[in-house]
Amino acid sequence: MKKLNLPNTLSLIRVILVPFFMASLLLLKIPEDADRLTTFLYCAIPTAIFGLTAYTDHLDGKIARKYHLITDFGKFIDPLADKFMVFGALISLLVARPETARVFVWVAAVIMLRELTVTSLRLVVAGTSGKVVAASLWGKVKTATQCVSIVLILMEPAILYGVTSVPHLLSYIAMAAMVITTVGSGIDYLCAYLPYIDPEK
């Protein structure tokens, strides 16, 4: 069995970190009478773990390009690890932040539908044409937007501590940004790779 190179190892580390992030977010529920410092700490811990998880995505791609360590396995595992990270965050936020869940559940549904559609497209294209579908520029923008948006949602209780006039404003802005880039990148992938699929086979 061949050893994994460093970028692929970082992608696997990203997968391993996701359960730790989810556990920290679900277990560290902000007390109703929490002061500003307590609120910040309860928000910062899961945010830091998520930030570290997301940083491995930036790092593995940078190392792979710089040292020419791009592999077909890397093109496959990297976006898969991204999806695991984002799905874990979406599911955890739905449970941990019930105050925005009525809106966020639709955002999560759009994101998950897009990710599953593109993943299925990758598998079909790879199976029929042998072509590995790498992340496009739109896909990278989508991933970056999702990560930044999730950080904003995670930190919103601390950022808007004591503010009651515009509750959850950051969360709703972040949700809108995620939906726009997610749908846009999904359309981009469909337009680029649907020609590789033969409906008669």
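User: Where is the place of valine 86?

Analyst: Valine 86 belongs to helix H3, which covers residues 72-96. Helices here are DSSP runs of H or I with at least four residues, numbered from the N terminus. The model is predicted, so local features need pLDDT of at least 70 and side-chain atom pairs count only at pLDDT 80 or more, while totals for chains, interfaces and linings use all residues. Residues are numbered from 1 along each chain as its sequence is written, and side-chain values use heavy atoms, with hydrogens and water left out.

User: What makes valine 86 count as buried?

Analyst: Valine 86 has a relative accessibility of 2%. Buried means under 20% relative accessible area, exposed over 50% and partly exposed in between, with a 1.4 Å probe and protein chains only. Valine 86 is therefore buried. Apart from neighbours within four places in sequence, valine 86 is in contact (heavy atoms within 4.5 Å) with Ile111 and Gln146.

User: Why is H3 called roughly parallel to H5?

Analyst: H3 and H5 pack at an angle of about 30 degrees, and their axes are 11 Å apart. Such axes are lines fitted to C-alpha atoms, for helices over the stretch in contact, with angles from 0 to 180 degrees between N-to-C directions. Angles under 35 degrees count as roughly parallel, over 145 as roughly antiparallel, 65 to 115 as roughly perpendicular and the rest as oblique. The pair H3 and H5 is therefore roughly parallel. Valine 86 is one of the H3 residues in this contact, together with Asp82, Met85, Ala89 and Leu93. On the H5 side stand Thr143, Gln146, Cys147, Ile150, Ile153 and Leu154.

User: How do the residues of the contact of H3 with H5 divide by class?

Analyst: There are eight nonpolar, two polar and one charged. Ala, Val, Leu, Ile, Met, Phe, Trp, Tyr, Cys and Pro count as nonpolar, Asp, Glu, Lys and Arg as charged, and the others, Gly among them, as polar.

User: Why is H2 described as roughly antiparallel to H5?

Analyst: Helix H2 (residues 36-66) packs on helix H5 (residues 137-159) at about 165 degrees, with axes 7 Å apart. That angle makes H2 roughly antiparallel to H5. The contact of H2 with H5 has 13 nonpolar, three polar and four charged residues.

User: What is the relation between the directions of H1 and H3?

Analyst: The axes of H1 and H3 come within 9 Å and cross at roughly 5 degrees. H1 is therefore roughly parallel to H3. The contact of H1 with H3 holds 17 nonpolar, five polar and three charged residues. Proline 19 has its place in helix H1 (residues 6-27). Its C-alpha atom is 9.8 Å from that of phenylalanine 84, which is 65 residues away along the chain.

User: Why does proline 19 count as partly exposed?

Analyst: Proline 19 has 43% relative accessibility, which places it in the partly exposed class.

User: How do you know that lysine 142 is buried?

Analyst: Its relative accessible area is 5%, so lysine 142 is buried. This residue of helix H5 touches Arg114, Glu115, Thr181, Thr182 and Ser185, not counting residues up to four places away in sequence.

User: What makes a polar contact of the side chains of lysine 142 and glutamate 115?

Analyst: The two side chains meet at 2.9 Å. A polar contact is a pair of N or O atoms within 3.5 Å; within protein, one must be able to donate a hydrogen and the other to accept it, and residues adjacent in sequence count only if both atoms are side-chain atoms. The pair of lysine 142 and glutamate 115 is listed as such a contact.

User: Why is threonine 181 called buried?

Analyst: Threonine 181, in helix H6 (residues 169-193), counts as buried because its relative accessibility is 10%. A polar atom of its side chain lies 3.3 Å from the backbone oxygen of methionine 178. Beyond four places in sequence, threonine 181 is in contact with Trp138, Val141, Lys142 and Thr145.

User: What makes the phi of histidine 168 worth a remark?

Analyst: Histidine 168 is not a glycine, yet its phi is positive, at about 65 degrees. Most residues other than glycine have a negative phi. Histidine 168 is in the loop between H5 and H6, and its 23% relative accessibility makes it partly exposed.

Note on methods: Helices (H or I, at least four residues) and strands (E, at least two) are DSSP runs, numbered from the N terminus.
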